[in-house]
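Please open the structure in your viewer and keep the selection tool at hand. The stops below take you through it one at a time.

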Amino acid sequence: MISTKNIIASFRALIAHDFSSVQLNMPQDVSNEIYQWGLKNIPDDILAGDGRETEIHITVKYGLLNHDPVAMKSLIVTVDSIKIILGRMSLFENEEDVLKIDVDSPDLIRLNKLICDRFKYEDSYPVYVPHLTISYLRKGTGNPYIGRKDFVGREIILPSVIFSGNDNRKTEIPFRIK
């Protein structure tokens with residue numbers, strides 16, 4: 001007889017990834033506003049690949065070989081909350097256009113460096129570029145959005161990170177309280 005525990009373990013093994021990651025989720029009101037902006041301003045017929053980003057976030061570090069949220073927590077609790085300032089819209093131009101909002105945040109750059117200095121990772125992007133992805137567009141359709149200022153200057157203080165393990169489990173880890 002197969003136990004529920006074995007079924008769950010088997011299922012998790014099937015969906016496991018090679019890497020873990022750390023991200024900053026936007027507050028619900030900001031996330032909703034950005035998502036609704038995308039619905040209003042980006043026609044469905046230019047969407048590609050993953051389409052609209054439904055979980056508005058900033059990736060702090062992807063490609064982590066550490067899969068232990070407790071180890072990450074020991075670092076995160078030493079860091080103060082993160083302040084970000086939203087900038088203009090721009091693109092990553094790959095096989096598709098990735099429409100994003102640029103993010104200015106010395107705090108975030110320091111956090112990325114702390115994580116990189118402490119944990120092993122595999123990464124094909126040598127320079128960290130903080131951003132919020134809005135949507136994935138068909139190649140060549142993103143140019144009209146470049147430079148838009150719909151969210152420019154919005155300051156947000158983020159109180160925690162989300163550690164996403166390679167087993168798809170998410171752990172919220174708060175920053176140090178001042």
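Helices (H or I, at least four residues) and strands (E, at least two) are DSSP runs, numbered from the N terminus. This is a predicted model, in which local features need pLDDT of at least 70 and side-chain atom pairs count only at pLDDT 80 or more, while totals for chains, interfaces and linings use all residues. Residues are numbered from 1 along each chain as its sequence is written, and side-chain values use heavy atoms, with hydrogens and water left out.

Colour the protein chain by pLDDT, the predictor's confidence in each residue, from 0 to 100: the mean is 91, and 90% of the residues reach 70 or more. Where pLDDT is low, the predicted coordinates should not be read in detail.

Next, select strand 3 (residues 57-64), where K61 lies. K61 is buried, with a relative accessible area of 5% (buried means under 20%, with a 1.4 Å probe and protein chains only). Leaving aside residues up to four places away in sequence, K61 touches S20, S21, V22, N112, I115, C116, Y121 and D123, where contact means heavy atoms within 4.5 Å. Show the side chains of K61 and D123, which make a polar contact at 2.4 Å.

Conventions:
Buried means under 20% relative accessible area, exposed over 50%, partly exposed in between (1.4 Å probe, protein chains only). A polar contact is a pair of N or O atoms within 3.5 Å; within protein, one must be able to donate a hydrogen and the other to accept it, and residues adjacent in sequence count only if both atoms are side-chain atoms.
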